[in-house]
Amino acid sequence: MKDWGLLPDDVRGSLKKNEWNHPRHLPQRLLGERAFPLAVNLRPPSGKKALDDLAAFHAFVQAWQHWPNPHQVNWKHTKYAQLGEVSVPTHLTLSSIQELITMIGDEAVTRSESWQQRLIPILEVSQALYPVLVRNLKKLESLSRGEAHMIARLLPQLKQGMGNSGYLRALPIAGIDTKFLETHLTFISALLDELHGGAVSAAGGVIPWLDCIAVPSDWLLVRPLCPKTLQALGGLPIFRAPTEVLLSSTLPGGRILVVENNQSGYSLPVLSDTVAVIGGGSNLAWMQAPWLKEKAIGYWGDLDTWGFAFLSEARRRQSHVTSLLMDKATLIHHRHHLVGEPNPYTAIPEYLTEAESQVFQDLRDSRYGNGRLEQEKLHADYIVEALKNWV
């Protein structure tokens, strides 16, 4: 493959890769951050290389002689042995984004027209939005024309504090469903931040800027385990609550049983004066709730390295946490149910007791053949006896 003499198709392919389809360079060109003119070295050959392949040399020169925009081609008179003085193309220079579009061809023309159809309605809100739109070009292109018009109608309606501490879906928006806002929230946030001089970023994001409540994503199961706590929770036998609710709402009963996995939480026996919080896994942020300091807390997780890491994190938040069914006796009794742990936690967690640290190391180092005993593999009668003893 020759290393000289770029033909028009070669240049077009290079520009498509390095400019037109480049996720960073194209927006920079559109914003003037990568300035025009754009010069492409056509790699004219040395005299020896030209003489070694005269047919290719003549094809190279003729291709640029027939270029439809001759003002874009830079030429240089070069004296070659046996050929004499020849005018050779050295660079193609494009002076504007429009010339780049023309160079790329129909594909680029169609794409740029698509931008315009989506840019125009949004820029009618404010021309200052142009840089944000260009920096989010991929998102802009993903919108339908109708969606672009919807964003243009939506932006003027969104005002700081309009949420009145309600959920995003409850915003009083005319002519547009709030699911649309939720779907395009990141893009709309960037546009709002530009419209309002950075106030959205300063507020910590669009949700607090609007004074809305974030939709919970960290749900936990709450299950009262005795008639007394069931009555205190309005007769609800089980319900879901997000972290923010558990942080601020005191659960009844003198004891809280934290269970790592959902399925194990369904098999819990009746335990007096106890409420179980189930299925949090690594989501232990709720355990920093001040009201937990007044409760006896039991923690039951998987007998594996990550289970002990979660136990340590729970105890970091509440130092009086007692581990349940996470001891050597439980491990030995159920060792025939041990399986491999694909990605064990390696560093000894900080907030384990000496006995817990030893079991952690036994599991990490597979001293019993494998390193994982799931909660669901423990015998039902064994679980009931251990929990009754804790109570």
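Modeller: Start with Arg367. Its relative accessible area is 47%, so Arg367 counts as partly exposed. The class runs between 20% and 50%. Keep in mind that this is a predicted model.

Now look for the partner of Arg367. The side chain of Arg367 forms a salt bridge with Asp365, with N and O 3.2 Å apart. A salt bridge here needs a nitrogen and an oxygen within 4 Å, so a value of 3.2 Å qualifies. Asp365 is itself partly exposed, because its relative accessibility is 37%.

Asp365 also has another contact. Arg364 meets Asp365 in a salt bridge, and their closest N and O atoms lie 3.1 Å apart.

Next, move to another pair. Glu182 and Arg169 join their side chains in a salt bridge, at 2.7 Å from N to O. This pair ties together distant parts of the chain, 13 residues apart. Glu182 belongs to helix 10, residues 178–183. Arg169 sits in the loop between strand 4 (166–167) and helix 10. How open are these two? Glu182 is partly exposed, because its relative accessibility is 31%. Arg169 is partly exposed as well, because its relative accessible area is 43%.

Some bridges form a network. Asp302, Asp304, Arg372 and Glu374 are linked in this way. Over the whole model, the count is 19 salt bridges.

The structure has 1 cavity of 30 Å³ or more. The largest cavity has a volume of about 40 Å³. Among the lining residues are Val258, Val259, Val277 and Ile278. Leu220, Leu284, Trp286 and Tyr299 also line the cavity. By class, the lining has 8 nonpolar, 2 polar and 1 charged residues.

Note on methods:
Residues are numbered from 1 along each chain as its sequence is written. This is a predicted model: local features need pLDDT of at least 70, side-chain atom pairs count only at pLDDT 80 or more; totals for chains, interfaces and linings use all residues. Side-chain values use heavy atoms; hydrogens and water are left out. On a 1 Å grid over the protein atoms alone, a cavity is a set of points where a 1.4 Å probe fits but cannot get out, and a pocket is an open set with protein on both sides within 12 Å along at least five of seven lines; lining residues have an atom within 4 Å of a point. Grid points are joined across faces, edges and corners, and a volume is the space filled by probe spheres set on the points. Ala, Val, Leu, Ile, Met, Phe, Trp, Tyr, Cys and Pro count as nonpolar, Asp, Glu, Lys and Arg as charged, and the others, Gly among them, as polar. Helices (H or I, at least four residues) and strands (E, at least two) are DSSP runs, numbered from the N terminus. Buried means under 20% relative accessible area, exposed over 50%, partly exposed in between (1.4 Å probe, protein chains only).
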